[in-house]
Amino acid sequence: MTHRQTFLVLGATGQTGQHFTRLALEAGHRLRALARTPGKLAIEHDDLEVVQGSLDDLDLDALLEGVDAVVMMLGDAAAQRERQVNTTFVRSLVPAMRRSGTRRLLYQAGGLSAAPGKPLAPALRIVRSTIARAYIGQHEDNEAVMRYLDQDARDIEWMVHRAGIGSDGPSKGELQRSPSIISIGTFVDCATYNLHMLSDDSAVHTCDGSRYRRR
């Protein structure tokens, strides 16, 4: 996926999403971005189409027309405490991708969400149950998405980035895929990693984290 592609970006107004949108446009790709409040996306470009809407009320077939890959960087800790928002949506998205012929899906989860069949390291479990306990619903939603993809959507070229996102500071270096160690990355570094990951065929059907490359 190194040539010009059309991406559907879900979460383009978020902190990672804003950087991803800018980087993908700079790389020459076309983007269709879903935004509940389009004014929050402070980017204008001839190759950017902004569609106003929310996950609860979408014509997925129309939204996916002409799309090569879906990039999903969504999280709502308050809503996910009550229900599995992302899982419900992905269960509708995958059949729509099959109908449209859209092959690739990148889903960004949190580094404290465990991959299917792989328990978190003890240190991460402690962080999840203490400092990050307010986000437990979000982690459980991410885990349900990963289980669904792993069990029921292996015909789709999905990939999950379990990102350790820390701040909106400047780049701290280059992130690389890691099944065991997760670095606390900046939003721009996670966005850069996501863009590169989309063209990495070896990342298909993986739920790895990312760590900074050693210098």
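**Notebook: helix packing and selected residues**

I began with A109, which lies in strand β5. For elements, I took helices (H or I, at least four residues) and strands (E, at least two) as DSSP runs, numbered from the N terminus. I note that the model is predicted, so that local features need pLDDT of at least 70 and side-chain atom pairs count only at pLDDT 80 or more, while totals for chains, interfaces and linings use all residues. Residues are numbered from 1 along each chain as its sequence is written, and side-chain values use heavy atoms, with hydrogens and water left out.

**Entry 1: A109 and H161**

I looked up the accessibility of A109 and recorded it as buried, because its relative accessibility is 5%. My cut-offs were under 20% relative accessible area for buried, over 50% for exposed, and partly exposed in between, with a 1.4 Å probe and protein chains only. I then listed the contacts of A109, leaving aside neighbours within four places in sequence: N142, V160, H161, R162 and A163. Contact here means heavy atoms within 4.5 Å. I also took the distance from A109 to G173, 64 residues apart along the chain, and their C-alpha atoms are separated by 21 Å.

From that contact list I turned to H161, which is found in strand β6. H161 counts as buried, at 0% relative accessibility. With neighbours within four places in sequence left aside, I found H161 in contact with Y107, Q108 and A109, with C190, Y193, N194 and M197, and with D208, G209 and S210.

**Entry 2: helix α6 and its cover**

I checked the length of helix α6, residues 136-152. Its 17 residues should span 24 Å at 1.5 Å a residue, and the end C-alpha atoms are 24 Å apart, which agrees. The expected span is 1.5 Å times one less than the number of residues.

Which residues of α6 are buried? I recorded G137, Q138, H139, D141, N142, E143, A144, V145, M146, Y148 and L149. What covers these buried residues includes the helices α3 (77-82), α4 (85-100) and α5 (122-129), together with the strands β5 (104-110), β6 (157-163) and β10 (207-212).

**Entry 3: α4 against α6**

I found α4 and α6 packed at an angle of about 30°, with their axes 8 Å apart. That angle makes α4 roughly parallel to α6. Axes are lines fitted to C-alpha atoms, for helices over the stretch in contact, and angles run from 0 to 180 degrees between N-to-C directions. Angles under 35 degrees count as roughly parallel, over 145 as roughly antiparallel, 65 to 115 as roughly perpendicular and the rest as oblique. The crossing of α4 with α6 is right-handed; this term applies if the near helix is turned clockwise from the far one by less than a right angle, and left-handed if anticlockwise.

On the α4 side I listed V85, N86, T87, V90, R91, V94, P95 and R98, which meet D141, N142, A144, V145, Y148, L149 and D152 of α6. By class, this contact has eight nonpolar, three polar and four charged residues. I counted Ala, Val, Leu, Ile, Met, Phe, Trp, Tyr, Cys and Pro as nonpolar, Asp, Glu, Lys and Arg as charged, and the others, Gly among them, as polar.

I looked at R91 of helix α4 separately. R91 is partly exposed, with a relative accessible area of 47%. R91 and Y148 are 57 residues apart in sequence, and 7.8 Å apart from C-alpha to C-alpha.

Helix α1 has twelve residues and reaches 17 Å from its first C-alpha to its last, close to the 16 Å expected at 1.5 Å a residue. I recorded T16, G17, H19, F20, T21, L23, A24 and L25 as buried in α1.

Helix α1 (residues 15-26) packs with helix α7 (residues 187-197) at an angle of about 50°, and the axes are 8 Å apart. That makes α1 oblique to α7. The crossing of these helices, α1 and α7, is right-handed. I listed Q15, T16, H19, F20, R22, L23 and A24 of α1 in this contact, and F187, V188, C190, A191, T192, N194 and L195 of α7. The residues of the contact divide into eight nonpolar, five polar and one charged.

For G17 of helix α1, I noted a relative accessible area of 1%, so G17 is buried. Its contacts, apart from neighbours within four places in sequence, are G11, A12 and M73. The C-alpha atoms of G17 and F187 are separated by 8.5 Å, although the residues are 170 apart along the chain.

**Entry 4: positive phi**

Most residues other than glycine have a negative phi. H205 has a positive phi of about 65° although it is not a glycine. I placed H205 in the loop between α7 and β10, and at 25% relative accessibility H205 counts as partly exposed. I also noted G28, which follows α1 and has a positive phi near 95°.
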